[in-house]
Amino acid sequence: LTPLGHHLAELPVDARLGKMMLYGAMFSCLDPVLTIAAGVGFRSPFVSPMDKRDEADEAKRKIAGHGATSDHLTLVRAYAGWIRAKARGRGFERDFLAKTFLSAQTLRQISEMRQQYVELLDQIGFLRSGTGLLGGKKDEDDGSKDLEGRRDASDEGRTLDASAAPFVPRPGQRREANAKGANARGGFKAAAERALVAASVNAGNEPLVRAVICAGLFPNVAVAESVGGSGSKPGGGVGGAQASKTRVRTKGDGDAYLHPTSVVFGLSKFEQRFLLFHEKVKTAKVYVRDATMIGPYPLLLFGGKVAVDHGRSQATCDGWIRFRAAPRVAVLFKALRKELDGLLMQKIATPELNMAKKSGDLVRTIVELLETESEVAAEARRAMRDAEVAATRDNKEV
């Protein structure tokens, strides 16, 4: 086994979800990644009664937020909301679960699985001091600080609400703790919270979390297309009929469609054309489920092999995903990718190795790139629209 394979063999989850957790720990955004791994690896907490499907779908989309583009991050927000409601008392919890159509039993099982994953990650060395690529002794010293406070300085537009308390103790642990007295009761939970908070200082950085999802789920990538009319764009309609015509293309298997239960299904507009997905299911059509929209940067940095075509000014990922890119930019991304891969392999081979000083500048550069991608894409869209307006005006003058 490779070092990565050796660690994945220690985690009782799908290899893709295990890889996601290792990357989440190394990039210090572990908390939301634990929820994703537990929820996707077990089952969805969202329930949809036959007689209330529309209400349940509306509640799910409300949790996801306006213009939501990720089923995985919707799960994170649902879990965090449940933890906050639970902390306010049973009445608040019951009310929250009823309004959001969430299963309390499934959420408790997700919480238990998160705890198990933290224990396993600690056993294989990925929650110890210096494990985070941006970390070091300071992470351990600051570990007891509140997670929400650790990300106050984050740009509000890029943050993810992932500040849920780490665990809800299993019933057996609760009884054992009661038997051992007050000191023992809080011992494990406090230690676990400190370890998890120290490994989650970037938990609110949504672009980084999406990139870590990419690292885990790749090569499960789909490219959004449209079979609407000529000139139509992915998601060009408003829900319903047009949404059902939005198809995606996957490697090897050809065309597929977004599953109607996905929060991405029915979007009026796709800001990015790439989707990560956990699985494909076949009924009347082939559908992709549990999707997260991403841009080119995560694929170039965490996806498959990158090749640069200087003559055509494009880059290719995994032999089939193509991007328009100036050769100089594509080569810079390829060089960054090479440095990052080498760094990650060293960390995976020796998890306890403290490489914060060596890795800090490189990882900060990558995080900043991921954070600015949406701004760069928005600027490119504005420039394209301006060019189209100018061309239309010139044609009218002619």
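Q: What makes Asp14 a cap for the N-terminal end of helix 2?
A: This is a predicted model, and in it a side-chain oxygen of Asp14 lies 2.7 Å from the backbone nitrogen of Arg16. A polar contact needs an N or O pair within 3.5 Å, so the 2.7 Å pair qualifies, and Asp14 caps that end of the helix.

Q: Why is helix 2 called largely enclosed by the rest of the structure?
A: Because nine of its 12 residues are buried. Buried means under 20% relative accessible area, and the residues in that class include Leu17, Met20 and Tyr23.

Q: What is the span of helix 2, and what is expected at 1.5 Å a residue?
A: Helix 2, residues 15-26, reaches 17 Å from first C-alpha to last, close to the expected 16 Å. Just after this helix, Ser28 takes a positive phi of about 55°.

Q: How do you know that strand 2 pairs with strand 1 and with strand 3?
A: Pairing takes at least two bridges. Strand 1 and strand 2 have three, running antiparallel, and strand 2 and strand 3 have four, also antiparallel. Therefore both pairs pass the cut-off. Arg249 of strand 2 is the bridge partner of Val223 and stands opposite Asp255 in strand 3.

Notes
Residues numbered from 1 in each chain as written. Predicted model: local features only at pLDDT ≥ 70, side-chain atom pairs only at ≥ 80, totals over all residues. Heavy atoms only, no water. Helix = DSSP H or I, 4+ residues; strand = E, 2+ residues; numbered from the N terminus. Expected span 1.5 Å × (residues − 1). Buried < 20%, exposed > 50% of the residue type's maximum accessible area, 1.4 Å probe, protein only. Polar contact = N/O pair within 3.5 Å; in protein donor to acceptor, adjacent residues only side chain to side chain.
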